[in-house]
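Please consider the model shown below.

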Amino acid sequence: NLFINSLAIDPSEPLNIYAGTYRNEVYKSVDGGQSWRWSGSGMQDETIVYSIAIDPFQPSVLFAGTRGVSNNGNPPWNGVVYKSKDAGNTWTAVLTNVGGADAQDWVYSLQVNLNAHNEVYAATHEHGPYKSSDYGNKNTWAAIQNGIDDLSGRAIAIKPKYVDGAELFYGVWHFDSVYKSINSGSTWILSNQG
């Protein structure tokens with residue numbers, strides 16, 4: 001599968017590279033991209049992998065934001081965030097049914113907080129940002145939308161310097177552009193001047 005939507009490099013072992021495909025889950029290289037093997041065990045068939053995030057403190061822990069087969073492009077989209085604890089050998093669903101069973105929205109972007117790796121953030125397609133404060137484990141995710149008017153998330157980023165909370169930026173598809181949080185996503189303000 002040569003249609004690649006996402007890439008991630010292991011920060012502790014740069015020869016380990018992960019590629020998220022369009023409808024063929026994940027591939028992994030352990031030799032710097034010279035060769036690849038399929039590494040999507042546990043993911044639903046024909047998964048589109050929009051984002052891969054690696055825990056910087058435990059690089060064998062990975063997250064993948066995905067979308068499954070939908071109804072001719074209409075919801076439900078079968079969106080799932082998967083977590084791997086064994087460097088991509090197996091995956092387990094940790095965030096499902098975003099927006100309810102009729103939507104099952106997907107995640108475009110994932111980030112693990114570099115300063116507090118128990119915090120994992122997700123930008124969903126139509127339901128705003130989500131956060132887990134428990135290492136991205138199942139049933140620990142919650143919407144963090146206070147102050148956001150446009151929920152069409154496409155990207156989420158964390159400022160590397162940590163003060164009293166994570167400073168986040170949330171990019172959206174429509175005219176609001178960018179939102180900013182200085183308190184780990186508890187509240188957001190527009191940050192789109194210029």
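In this predicted model, Ala 64 stands opposite Tyr 82 in strand 7.

Strand 6 (residues 62–67) is mostly covered, with six of its six residues buried. Leu 62, Ala 64 and Thr 66 point one way from the strand, while Phe 63, Gly 65 and Arg 67 point the other way. Burial here applies to both sets, since residues under 20% relative accessible area count as buried and all six named side chains of strand 6 are buried.

Nonpolar packing can be followed from Phe 63. Phe 63 belongs to the largest nonpolar core, which has 14 residues; Phe 63, Val 81, Leu 95, Leu 110, Ala 122, Tyr 130 and Trp 141 touch the most other members. Strand 8 (92–96), strand 9 (107–112) and strand 10 (120–124) each supply at least two residues of this core, and strand 9 gives the most, with three residues. Beyond its neighbours up to four places away in sequence, Phe 63 touches residues that include Ile 52, Tyr 82, Trp 91, Leu 110, Val 112 and Tyr 135. Apart from this core lies another, of 13 residues, among them Val 26, Val 49, Ile 54 and Leu 62. In soluble globular proteins, nonpolar side chains tend to be buried together.

The structure holds five aromatic pairs. In one of them, the ring centres of Tyr 50 and Tyr 108 are 4.9 Å apart and the planes stand at 65°, so the pair is edge-to-face. This pair links distant parts of the chain, as Tyr 50 lies in strand 5 and Tyr 108 in strand 9, 58 residues apart. Tyr 50 counts as buried at 18% relative accessibility, whereas Tyr 108, at 22%, counts as partly exposed. Ring pairs link Tyr 50, Trp 77, Trp 106 and Tyr 108 into a cluster. Arg 67 lies over the face of Trp 106, at 4.7 Å from the ring centre.

Another pair is formed by Tyr 170 and Trp 188, whose ring centres are 5.8 Å apart and whose planes are at 55°, so the pair is tilted. Tyr 170 lies in strand 14 (residues 168–172) and Trp 188 in the loop between strand 15 (178–181) and strand 16 (189–190), so the pair ties together parts that are 18 residues apart in sequence. Tyr 170 is buried at 0% relative accessibility, and Trp 188 is buried at 4%.

Four strands form an open sheet in the order 1-2-3-4, with antiparallel pairing. Its edge strands are strand 1 (4–9) and strand 4 (37–38), each pairing on one side only. Strand 3 (residues 26–29) and strand 4 pair over two bridges, and Tyr 27 has Trp 38 of strand 4 as its bridge partner.

Ser 6, in strand 1, is buried, with a relative accessible area of 8%. A polar atom of the Ser 6 side chain lies 3.1 Å from the backbone oxygen of Val 49. Contacts of Ser 6 include Tyr 18, Val 49, Tyr 50 and Ile 52. By contrast, Leu 2, in the segment before strand 1, counts as exposed at 81% relative accessibility.

Methods:
Residues numbered from 1 in each chain as written. Predicted model: local features only at pLDDT ≥ 70, side-chain atom pairs only at ≥ 80, totals over all residues. Heavy atoms only, no water. Pairing = 2+ DSSP bridges. Buried < 20%, exposed > 50% of the residue type's maximum accessible area, 1.4 Å probe, protein only. Polar contact = N/O pair within 3.5 Å; in protein donor to acceptor, adjacent residues only side chain to side chain. Contact = heavy atoms within 4.5 Å. Core = buried A, V, L, I, M, F, W, Y, C linked by side-chain atoms within 4.5 Å. Phe/Tyr/Trp six-rings, centres within 6.5 Å; stacked < 30°, edge-to-face > 60°. Lys NZ or Arg CZ within 6 Å of the ring centre and 35° of its normal.
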